[in-house]
Amino acid sequence: MPNYQQNSHNKSLKSDHPTHRRRGQELEQDILKATLNLVQETKYEDLTMDMIAKNAQTNKTVLYRRWSSKSDIVIAALRTQTTGLAEQLKQVPNTESLAGDFHQLFAQINTLLATLHYENLFGLMRERLGGISIRDYFDKFLQQNWLSQMVRIFFKQAADRGEIDLDQIDESLYDLPAFLLLNRIYAPHSQAIDSAQLNHLIDAVLMPMYSAFLKKK
């Protein structure tokens with residue numbers, strides 16, 4: 001007599017797996033997609049390679065052939081979603097006002113952070129920063145970073161419009177937005193940043209500070 005229970009079990013197993021053996025780019029894309037799905041609902045410190053392998057219907061050996069660590073695979077997955085946004089952030093806003101430029105830029109930053117589900121990625125950021133010296137931290141994050149360079153361009157645009165005299169600007173003012181943003185992101189037990197909080201940072205902190213250097217009309 002046929003074993004209907006066993007046949008049903010075998011059929012179920014077959015339906016749970018792809019009908020063909022995935023290789024190369026197809027397999028890699030499936031793994032990265034599975035990782036992204038997990039990042040949306042799982043904190044980085046709770047995420048494991050076993051979870052990624054299970055959700056991608058593969059095994060850890062396959063993962064480690066391509067990525068050396070959990071952080072590497074998560075970063076690779078995030079990059080698949082942020083390439084277009086990163087290109088947008090390279091475009092310099094020019095709204096004809098210093099405050100307007102900051103609002104447009106911070107709106108793009110908010111979109112990027114939301115896309116990254118960064119509230120689940122504190123563990124990743126702290127892990128990556130763990131091996132950075134204090135000197136490198138200030139050089140890379142508070143002086144030579146992309147945001148500080150963007151602020152310099154904003155002030156140059158404002159000077160070209162006659163709003164500000166660059167000779168009166170202290171160098172530390174260029175780094176202030178990056179410092180405030182990093183402080184807000186890494187603040188312990190803080191809620192995820194949203195557009196309202198970023199707008200408050202501009203209107204209540206940055207612009208009152210910068211307004212002292214704007215030329216009176």
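User: Let us start with the rings. Which residues do ring pairs link into a cluster?

Analyst: This is a predicted model. Ring pairs join several residues into a cluster here. Its members are Phe-102, Phe-106, Phe-154, Phe-155, Tyr-174 and Tyr-210.

User: How many aromatic pairs does the structure hold?

Analyst: A pair of aromatic rings is described by the distance of the centres and the angle of the planes. Rings pair if their centres lie within 6.5 Å. The number of aromatic pairs in the structure is 5.

User: Are the rings of Phe-102 and Phe-154 stacked or edge-to-face?

Analyst: The ring centres of Phe-102 and Phe-154 are 5.2 Å apart. Their planes stand at 85 degrees. Planes over 60 degrees apart count as edge-to-face. The pair of Phe-102 and Phe-154 is therefore edge-to-face.

User: Which helices does this pair link?

Analyst: Phe-102 and Phe-154 are 52 residues apart, and their pair links distant parts of the chain. Both residues are buried. Phe-102 lies in helix H6, and Phe-154 lies in helix H9.

User: What is the angle between the ring planes of Phe-155 and Tyr-174?

Analyst: Phe-155 and Tyr-174 form an aromatic pair, 5.5 Å centre to centre. Phe-155 is in helix H9 and Tyr-174 in helix H10, 19 residues apart. Both are buried. The pair is edge-to-face, with an angle between the planes of 90 degrees.

User: Which residues of H10 does H9 meet?

Analyst: H9 passes H10 in a right-handed crossing. From H9 come Leu-147, Ser-148, Val-151, Arg-152 and Phe-155. The residues of this contact divide into 8 nonpolar, 1 polar and 2 charged. On the H10 side they are Leu-173, Tyr-174, Asp-175, Pro-177, Ala-178 and Leu-181.

User: Is Ile-109 buried or exposed?

Analyst: Ile-109 lies in helix H6, residues 98–116. Its relative accessibility is 6%. Buried means under 20%, so Ile-109 counts as buried.

User: Leaving aside neighbours within four places in sequence, which residues are in contact with Ile-109?

Analyst: Contact means heavy atoms within 4.5 Å. Neighbours within four places in sequence are left aside. The residues in contact with Ile-109 are then Leu-89, Trp-146, Leu-147 and Leu-181.

User: Is Gly-162 buried or partly exposed?

Analyst: Gly-162 is found in the loop between H9 and H10. Its C-alpha atom is 7.7 Å from that of Lys-215, 53 residues apart along the chain. The relative accessibility of Gly-162 is 38%. Buried needs under 20%, and exposed over 50%, so Gly-162 counts as partly exposed.

User: Now the whole chain. What percentage of its residues is buried?

Analyst: The protein chain has 11 helices and 0 strands. It holds 217 residues. The buried share of these residues is 37%.

Terms used:
Residues numbered from 1 in each chain as written. Predicted model: local features only at pLDDT ≥ 70, side-chain atom pairs only at ≥ 80, totals over all residues. Heavy atoms only, no water. Helix = DSSP H or I, 4+ residues; strand = E, 2+ residues; numbered from the N terminus. Buried < 20%, exposed > 50% of the residue type's maximum accessible area, 1.4 Å probe, protein only. Left-handed = near helix turned anticlockwise from the far one by under 90°. Nonpolar A, V, L, I, M, F, W, Y, C, P; charged D, E, K, R; others polar. Phe/Tyr/Trp six-rings, centres within 6.5 Å; stacked < 30°, edge-to-face > 60°.
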